[in-house]
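Reader: I would like to go through this model and ask what stands behind the terms used for it.
Author: Then put the questions one at a time.

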Amino acid sequence: MEPTDSAAVPASRLRGLAQSILPPTALAVAAAALGTGVCRTLQQGRSLFPHGTIGWSLAVLTGLIVGHLVALGRDRWWGGTGSGAALTLATLLLFGWLPAVLVSLAVVVLVGAARRHRWRQALLHGSVDILGIGAAALVLAAFGTVPSVEHAWHPDNWELVVVPRIALAAFGYLLVTRALLWYALTPPGAALRSVARPALVRQALVGVALLGIAPLIVVVADHRPLMLPLFAVPLIALDSTLWIARVRAEEQLRDRLTGLPNRQWLLDRTWSALDEADRAGARTALVLIDLDRFRSVNDTLGHLAGDRLLLQIAERLRQALPRGAEAARLGGDEFAVLLPVADSLTSAQRVARNLIGALGSPLDLDGLTLVLEASAGVAVFPDHAEDAEGLLRRADVAMYQAKRDRSGVEVYEARRDGNTPDRLGLLGDLRRALDAGEVELHYQPKVGFDGHVAGLEALVRWVHPDRGRVPPDEFIAIAESSGLMPRLTEYVLETALAQVARWRAVGLEVPVAVNVSPRDVHTPGFAGAVAGRLARHGVPPVALQLEITEHVLLEDPQRAADTLAGLAGHGVRMSLDDFGTGYSSLVHLRRLPVSELKIDRSFVARLAVDNEDAEIVRCTVDLAHSLGLCVVAEGVEDDETWERLRDLGCDAVQGWLVAPAMPPEETTAWLRARGEGGPAAPATPARPQAATSAPSAGTPGAGAPGTGTAGRPHTGGAGGRPPAVGGGAGTGGRPPAVGVGAAECVGAAGTGRAGLADTAAAAGGRAHTVAGRGGDVSAAGAELVAPDPGLAVSTAAAPAEPDADRVT
């Protein structure tokens, strides 16, 4: 069954319609009841109000209460006073509903006359009071009690059985008046959870007052009417108590400095908005806003100036709110904006950007012009969370992501949230894996165009006992956001240096690069800790290279510069990773003590087909060389890209085309097969020289160095790129098999471009394969001899994966 149009009307609109109808309806019913009562009383020849001393005493007491309410200086609120209610109920018990209505109307009319701008509210209160008095009178009539001026209900006739009668009458009066006023005056979707608790407490106090004071007024009016005005003192005290309770309740829901609602109000109001959105099938958005670098204002100008600035921010936020939105201050320099109805994620993000733009306009503070930036996070119901707390937490996650990325506004993304239950469990498992040594390092070579291995990059791998291989990007992001990153970096450094020491002990002197995060660089004593580990493992500083990104200079430039200078002083070389993807600038290149620059794979991937990327790479290479830096290209996966990088003057490459990231044992065999073992390559770039001669492709080699057909030197093989393993000549442009003597590596496609695979020899002379991009290729019919049987191992590897998984 299709829903009708009326069913699709939001609940807030229905309530708004009811609120617009309620005041005139209550006024009409009250006027009709009052007119009918007055007419019948006059027709029957009865009095509308008591005469004599008791009548004047009630009038004086009513006047004192009116004067108190006027002097109170506040609007008469539906739960704020109890004096009028106590006097009205006492008059009802003694003389019936019509004199009680006249007392109530006297209070409402006189207070309304004193506040002319509130006459509509006075009419509503008067009408609701009449209906409440009528409800209490009906309760008494149900028990057979119908007092009047001529036949008063004297307390001399009261017994214990009248207590429930009086209590029910008071309850009926409170229930009708407070419920009607609550519904009529509370804004649609208001935070009923926050309002209900203190309101119920106040109404309980009013009920106790009615039960305690109203019967006493009746007794005194019946026996000593001249003493009635003295009741003004306890009634005024009752009002003061209720007013204090109200103020305290409002303080619990308001920010004292800005007057905006606080976190408790926001949560309760969000719950109400989510309920309405769920019924209407709509979206609700929550925008969390935090001022950037506000602490510097407090530190520079003082906290009083910071408070005045927050007042301006709060006022500007109020003025920038779209229709229907509500703002709150959560504390410090953090604000929130609730959008009860959001058309889409895009519209919520647009509202957030408008708010950020409004807050970013110049502010005047004590003669100073300040420009503050802010970051905002957006979370939407039901896309991101289905409860108020979850929506607030995920908006907070998005906001901090916007701060880290300096993007201004971010929408929540689950993949970037390191605090989901699943990721929290993964975080605990990662911590245990580090303690148990279950995290592994694989090593991916960086190879120059002359075939020389420029170094290895340590890449972290983790095989979870239940989930299997966990993508490095996933668990590294968790470590970054949780504070586990220093522990992970320490583990990687310790493991890598231990492996470097083992390699150097057997004559393999290849430098290893380890990625470090900005948090590591900002950690005090990091440079000394690295130097200590080098000394403990007996590894010279030249054998270690640390890869950093430009983000290290964004948070605390001075501390980062001091740490990097300390590392350089210890002789540790540094490489600038992912160049071109962050906040790249010549200033950074000049300030950072780096010896190598790595071009990000995003520029390398389309190098062969995108002239703009090629021009960016060319300019980067020229710039780096002019500064004396070596240039390494990441993500090289095909021969065309290799050729283009060689033509552009790049110094080394890294990627699947050369070799995948391999475990230590396979890396050892790979290095041995290439004959590596000399001293580390120099840090300064060496331009490759063109070859003077080249044998034709497919000529068997005898293990001696040869030249490639593309016009650049390498250590063996023909076909336009250096061999990935070993020193014989290959056929068809593919790398030759490892070993001494002639050997042909047979490729599936025969072209050396689509089915590349590198072969290595094991101790028994059997050929084993290293997985390449196009599949495994065996050395058919070749007798392979390992250079060192003691280090010969099988190099059969798991399928290679992209090497985008850095430690950071």
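Reader: Which two strands form a hairpin with two residues between them, and which residue in the turn has a positive phi?
Author: This is a predicted model. In it, S2 and S3 make the hairpin, with two residues between them. The turn residue with a positive phi, of about 60°, is Gly 332.

Reader: How do you know that S2 and S3 pair, and in which direction do they run?
Author: Two strands pair if DSSP finds at least two bridges between them. S2 and S3 (residues 334-342) are joined by five bridges, so they pass that cut-off. They run antiparallel. Among the bridges, Gly 331 has Glu 334 as its partner in S3, and Glu 326 has Leu 338.

Reader: What makes S2 an edge strand?
Author: S2 (326-331) pairs on one side only, and so does the other edge strand, S7 (409-411). They belong to an open sheet of five strands in the order S2-S3-S1-S6-S7, with mixed pairing. From one strand to the next, the twist averages 20°.

Reader: Which strands does helix H9 lie across, and at what angle does it run to S3?
Author: Helix H9 (residues 263-280) lies across S1 (283-291), S2, S3 and S6 (374-381), and runs at about 15° to S3. Helix H11 (residues 303-320) also packs on the sheet, where it touches S1, S2 and S3. The direction of H11 makes about 10° with that of S3.

Reader: Why is Ala 26 called buried?
Author: Buried means under 20% relative accessible area. Ala 26 has 4%, so it counts as buried. Its place is in helix H1 (residues 11-43). Leaving out residues up to four places away in sequence, Ala 26 touches Ser 127 and Leu 131. Ala 26 and Val 128 are 102 residues apart in sequence, but their C-alpha atoms are 6.5 Å apart in space.

Reader: Why is the pair of Tyr 443 and Trp 503 called edge-to-face?
Author: The structure holds four aromatic pairs, and this is one of them. Its ring centres are 5.1 Å apart, within the 6.5 Å needed for a pair, and its planes stand at 70°, over the 60 degrees required, so the pair is edge-to-face.

Reader: What makes this a link between distant parts of the chain?
Author: Tyr 443 is in strand S8 (residues 439-448) and Trp 503 in helix H16 (residues 485-505), 60 residues apart. Both Tyr 443 and Trp 503 are buried.

Reader: How many helices and strands does the protein chain have, and what share of its residues is buried?
Author: There are 25 helices and 18 strands. Of the 808 residues in the protein chain, 50% are buried.

Methods. Residues are numbered from 1 along each chain as its sequence is written. This is a predicted model: local features need pLDDT of at least 70, side-chain atom pairs count only at pLDDT 80 or more; totals for chains, interfaces and linings use all residues. Side-chain values use heavy atoms; hydrogens and water are left out. Rings of Phe, Tyr and Trp (its six-membered ring) pair if their centres lie within 6.5 Å; planes under 30 degrees apart count as stacked, over 60 as edge-to-face and the rest as tilted. Helices (H or I, at least four residues) and strands (E, at least two) are DSSP runs, numbered from the N terminus. Buried means under 20% relative accessible area, exposed over 50%, partly exposed in between (1.4 Å probe, protein chains only). Axes are lines fitted to C-alpha atoms, for helices over the stretch in contact, and angles run from 0 to 180 degrees between N-to-C directions. Contact means heavy atoms within 4.5 Å.
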